[in-house]
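Welcome! Here is a short tour for someone meeting this structure for the first time. Take a look at the sequence and the model, and then read on.

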Amino acid sequence: LHTAFEQWWQPHRTRITALAGRQGDATALVALRQELLASFSLALEAVGLLDPFQVRGIIAGFWVQPRYEFLTLMARGATGVIDAWRTSIVTALDDKASKSNPLEHKLVRFLLGEFVEAIAELEANKAELDSQIKAADPKAPKDTEGEEGDAEPADTEEDDGAIDEAQVKVWKRELAAVKKQLKAKQDSFTDQLGRQVDALTEAAAAELLLTILHEDMRVIVERYVAAQRKDVVAAIETWWDKYQVTLADIEGRRDAAAHALQGFLKGLGYV
């Protein structure tokens, strides 16, 4: 199925970017939609893994997601699509009430992958240091287990796992440094994104757009394959629950039960 998908994608990817500059040409968009739906169904239905309805659901779902990007592509080209994505990311970043994470936008993942990984690493370090500081409580009283009236003093030796105040101070300094680095990274995000987007040529923007669309469609295909795999597993488990006990076992149990019943009847004098 993956091979069939890739073989279908390669000759049709350029038909998408061919929409650039064809603003107002509604027939071109309709023709592209019909071609993609028909050719995709023909290519993947032949594999036999998914039924025709599932295959058509994949391509229909793919078409619905980027329909606005296609319209932008026709009006402003590939660079216009990338620029529109940048605008939506920056807007979401400034909107404190927004529930979406701008760093998870598909453009950011592909264009600033290393930058996002660096932020994620800093956030992980921050969380780890914060948890260590909260877990350590050097001011807590030592647990002294001595019975009242004992002549010997309680053992005041620190536990092996005890953390001294010096270590906590080191962690706090490290945490402050990580927070400073994280804030600097987050503050430079918009500038980093802007420089990357502005550096794209029309050809590079088109290639990036196709890469992102390909990934979007691959995710849809994987989702349908995963659902199909679950159905297959569920069917096999159902068959196993029904047929794991063989007919010979059932007949053997039946004969044993009949023999036991015969003995009871004899004991009761019915036979």
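This is a predicted model: local features need pLDDT of at least 70, side-chain atom pairs count only at pLDDT 80 or more; totals for chains, interfaces and linings use all residues.

Let us begin with one residue. Gly113 has 24% relative accessibility, so Gly113 counts as partly exposed (buried means under 20% relative accessible area, exposed over 50%, and partly exposed in between, with a 1.4 Å probe and protein chains only). Gly113 belongs to helix 6, where helices (H or I, at least four residues) and strands (E, at least two) are DSSP runs, numbered from the N terminus. Between Gly113 and Leu103, ten residues apart in sequence, the C-alpha atoms are 9.5 Å apart.

Residues are numbered from 1 along each chain as its sequence is written, and side-chain values use heavy atoms, with hydrogens and water left out.

**The whole chain**

The protein chain contains ten helices and zero strands. Of its 271 residues, 29% are buried. Contact means heavy atoms within 4.5 Å. Taking contacts between residues at least 6 apart in sequence, 75% join residues at least 24 apart. The accessible surface is about 18,000 Å², and carbon and sulfur atoms account for 54% of that surface; accessible areas come from the Shrake-Rupley method with a 1.4 Å probe, and for residues only the protein chains shown count as cover.

Lys106 sits in helix 5, which covers residues 106-111. Is Lys106 buried or exposed? Lys106 counts as buried because its relative accessibility is 18%. Beyond its neighbours within four places in sequence, Lys106 contacts Glu69, Trp85, Ile212 and Asp216.

Leu107 is also part of helix 5. With 0% relative accessibility, Leu107 counts as buried. Setting aside residues up to four places away in sequence, Leu107 touches residues including Ile82, Trp85, Arg86, Leu193 and Val197.

In helix 1 (residues 2-17) you will find Ile16. Ile16 has 1% relative accessibility and therefore counts as buried. Its contacts, leaving aside neighbours within four places in sequence, are Trp9, Leu32, Phe62, Phe70, Leu73, Leu210 and Leu213.

The table lists some pairs with their separations.

| Pair | Apart in sequence | C-alpha to C-alpha |
|---|---|---|
| Lys106 and Trp85 | 21 residues | 9.1 Å |
| Leu107 and Val197 | 90 residues | 9.7 Å |
| Ile16 and Leu213 | 197 residues | 9.8 Å |

**Helix 7**

Helix 7 runs over residues 165-187, a stretch of 23 residues. From its first C-alpha to its last, helix 7 reaches 33 Å, close to the 33 Å expected at 1.5 Å a residue (the expected span is 1.5 Å times one less than the number of residues). Which residues of helix 7 are buried? They are Val168, Trp171, Leu175, Val178 and Leu182. An α-helix has 3.6 residues a turn, so residues three or four places apart point the same way. The buried residues of helix 7 pack against helix 6 (113-135).

**A pocket**

The second largest pocket has a volume of about 150 Å³. On a 1 Å grid over the protein atoms alone, a pocket is an open set of points where a 1.4 Å probe fits, with protein on both sides within 12 Å along at least five of seven lines, and lining residues have an atom within 4 Å of a point. Grid points are joined across faces, edges and corners, and a volume is the space filled by probe spheres set on the points. Lining this pocket are Leu93, Lys96, Asn101, Pro102, Leu103, Ile119, Gln186 and Phe189.
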